[in-house]
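Thanks for coming. I have one structure to show today, so please have a look at it before I start talking.

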Amino acid sequence: MDLRLLEYFLAVAKVGNITRAAELLHVTQPTISRQLTDLEEALGAKLLLRGKR
């Protein structure tokens, strides 16, 4: 597991929004979203509730 994945997860958890976390980390929103999906698959559990707003 890459530590970057945990950094992304912690940033999203802290700010409560994938887009804002992406801005803070200077990456794109799709990058964070895909990495979080990969982390969820690696752990075999959903970490975030995703929805429209």
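First, the ground rules. This is a predicted model, in which local features need pLDDT of at least 70 and side-chain atom pairs count only at pLDDT 80 or more, while totals for chains, interfaces and linings use all residues. Residues are numbered from 1 along each chain as its sequence is written, and side-chain values use heavy atoms, with hydrogens and water left out.

The protein chain has three helices and zero strands, in the order α-α-α along the sequence. Helices here are DSSP runs of H or I with at least four residues, strands are runs of E with at least two, and numbering starts at the N terminus.

On overall size, the C-alpha atoms fill a box of roughly 25 × 25 × 20 Å along the principal axes. The radius of gyration is 10 Å, which agrees with the value near 10 Å for a compact globule of 53 residues. That radius is taken over C-alpha atoms, and the globule rule is 2.2 Å times the number of residues to the power 0.38.

How many of the residues are buried? Of the 53, 26% count as buried. Buried means under 20% relative accessible area, exposed over 50%, and partly exposed in between, with a 1.4 Å probe and protein chains only.

Now the core. The largest nonpolar core holds nine residues: Y8, A11, V12, I18, A21, A22, I32, L36 and L48. Helices α1 (3-15), α2 and α3 each give two or more residues to this core. Such a core is a set of buried Ala, Val, Leu, Ile, Met, Phe, Trp, Tyr and Cys residues joined through side-chain atoms within 4.5 Å.

Leaving aside residues up to four places away in sequence, I18 touches V12, Q29, I32, S33, L36 and R50; a contact means heavy atoms within 4.5 Å.

Next, Q35, which sits in helix α3 (residues 29-43). Q35 counts as buried because its relative accessibility is 19%.

Last, H26, in the loop between α2 (18-25) and α3. Is H26 buried or exposed? H26 counts as exposed, because its relative accessibility is 72%. Its phi is near 60°, a positive value in a residue other than glycine. Most residues other than glycine have a negative phi.
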